[in-house]
2 protein chains.
Amino acid sequence: MEEGLRERKKRETRRRIADVAMWLFMSRGFDNVTVAEVARAADVSVNTVFNYFGTKEDLFLDRRDDLRDLRTRVVRERAPGESVVAAFRRDFFQALDEGDWRYGFNEGAEVWGRLVSESASLAARARELESEIEEGLAAAIAEETGADDDDLTPKLVAQHILGLTRLLGRHYTLRSTAGEPREEILTDLRERARAGFDLLESGIGDYGRRSLGADAVEHREAAGDEEDDHVEGDHR
Amino acid sequence: MEEGLRERKKRETRRRIADVAMWLFMSRGFDNVTVAEVARAADVSVNTVFNYFGTKEDLFLDRRDDLRDLRTRVVRERAPGESVVAAFRRDFFQALDEGDWRYGFNEGAEVWGRLVSESASLAARARELESEIEEGLAAAIAEETGADDDDLTPKLVAQHILGLTRLLGRHYTLRSTAGEPREEILTDLRERARAGFDLLESGIGDYGRRSLGADAVEHREAAGDEEDDHVEGDHR
DNA sequence: CGCAATTTTGGAGCGACTGCAAATTGGGTA
DNA sequence: TACCCAATTTGCAGTCGCTCCAAAATTGCG
């Protein structure tokens, strides 16, 4: 239980490296800072840096396990009778109201987003993390609903939900970067989020169908009529 | 119009490099082959390899533009009155029936999948390509439906559709790698694809809601009742 | 043939990352 | 206090992907 000097120093060193690295990245961009510079600024050797962080990208993207757990907990601790989507809707709006970081609505999130989008390698690693989070959420959903291992539905549900929240997060970052005042974006975002979650719940079946009155109806009926004699197309 | 010796040689060299690289990757794994080896095997200098291919990963993942165009064309050339999802359903099943490569249902796709999943950097690059394709499709959908630039719906639709087809493709690869006979997987896959597209059309709103008879109904009603006095949760 | 444009090549160098052996440090023990 | 073991840090050499640059080699053309 008690913590020796050794362990404390380790934690301090790790923290110092991460902090000084973040500082350097913020002021000069991820790609314009070398690991050697980080090491020098943190007063350790390059090897020590790689001792604590597997890759340079990990210096920037810590907290990955945190985020994965946050996502799975939404499903695991949802109210009785609450659907997965409803649970995420609730959690998302809560984060929005509190300005919590877990969906990217904290102040200063733009800087983070800018840095990621400016560096190809960083963006790649971010996608990898998203992918891991998605797998974790899919597994949690599958376990919660007792779905088979080869059932694609949990993975699909996870994809849709995280896809939506990711999109909303990016939208915030984008407009925030453009200089729009935070509260204004957030107000508008609530509307978009509501519409997005509604869409998840109701499906996107009719999206893109050109509805031009009688003309469209005609087309639709025609398409329905040839169901029988067409080789392809009757897969519903 | 006519093609000089110079251009032909260029094309031949490029092809030779790509072919010999693919052969090496297939036989020894992506990470276990260096660019220098590829160059030596193709009888060119390392610089020439990087002259034709921007990165080592590009030696493996060519055809990226092809795929992006294929996806956008599904939307652009869909039948009048046909929804986006319906168009993809049709295209997907057509590829399935023809054993076309564009969703990963060609024979030998397992080898490709295995190589990608075995190499972290290759998987990262593959994700990046998927991301680009997604953006392209979202743009096409937005243009087709005349949606605003900041409308999130096209992006969401693109995400859902590509997410589904990607999932189905991976599912095929997985079982094919496990040794299951191709036709058996494909038959089963048709069923799953139908269910998947249906889910896209009908939404995932109720997914994960625990319906245990009277008990569940009780929960549901209870949740509904507290709509008024709860601070959070009324975002629909 | 001879000139210009294009392509290929070699070489030097950078940066992320690995492996290893030596040096340093911390925590207990005699 | 002196000493030893184990964990941690460090230096060093080396690999690999990739870039930059200038010098060949090749091709097209008058």
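In helix H6 of chain B, the buried residues are B:Val84, B:Val85, B:Ala86, B:Ala87, B:Phe88, B:Arg89, B:Arg90, B:Asp91 and B:Phe92. Buried means that 20 or more other C-beta atoms, placed from the backbone, lie within 10 Å of a residue's own. This is a predicted model, where local features need pLDDT of at least 70, side-chain atom pairs count only at pLDDT 80 or more, and totals for chains, interfaces and linings use all residues. Residues are numbered from 1 along each chain as its sequence is written, while chains are lettered from A and ligands numbered from 1 in the order in which they are written.

**Helix H6 of chain B**
- The buried residues of H6(B) pack against helix H5 (64-76), H8, H9 and H10 of chain B.
- H6(B) has 15 residues and reaches 21 Å from its first C-alpha to its last.
- That is close to the 21 Å expected at 1.5 Å a residue; the expected span is 1.5 Å times one less than the number of residues.
- B:Gly99 follows H6(B) and has a positive phi, near 65°.

**Helices H8 and H9 of chain B**
- Two packed helices are described by the angle between their axes and the distance between the axes.
- H8(B) and H9(B) pack at about 130°, with their axes 8 Å apart.
- Axes are lines fitted to C-alpha atoms, for helices over the stretch in contact, and angles run from 0 to 180 degrees between N-to-C directions.
- The two helices are therefore oblique to each other, the class left over once angles under 35 degrees (roughly parallel), over 145 (roughly antiparallel) and 65 to 115 (roughly perpendicular) are set aside.
- Residues of H8(B), including B:Ile133, B:Leu137 and B:Ile141, meet residues of H9(B), including B:Val157, B:Ala158 and B:Leu162.
- This contact divides into nine nonpolar, two polar and four charged residues.
- Nonpolar covers Ala, Val, Leu, Ile, Met, Phe, Trp, Tyr, Cys and Pro; charged covers Asp, Glu, Lys and Arg; the others, Gly among them, are polar.

**Where the chains touch**
- The contact takes 54 residues from chain B and 52 residues from chain A; two residues are in contact if their C-beta atoms, placed from the backbone, lie within 7 Å.
- H9(B) gives the largest share of chain B's side, 10 residues.
- By class, that side has 18 nonpolar, 18 polar and 18 charged residues.

**Chain A**
- Chain A has 11 helices and zero strands.
- Helices (H or I, at least four residues) and strands (E, at least two) are DSSP runs, numbered from the N terminus.
- Buried residues make up 31% of the 236 residues in chain A.

Methods
A residue is buried if 20 or more other C-beta atoms lie within 10 Å of its own, exposed if 12 or fewer, and partly exposed in between; C-beta atoms are placed from the backbone.
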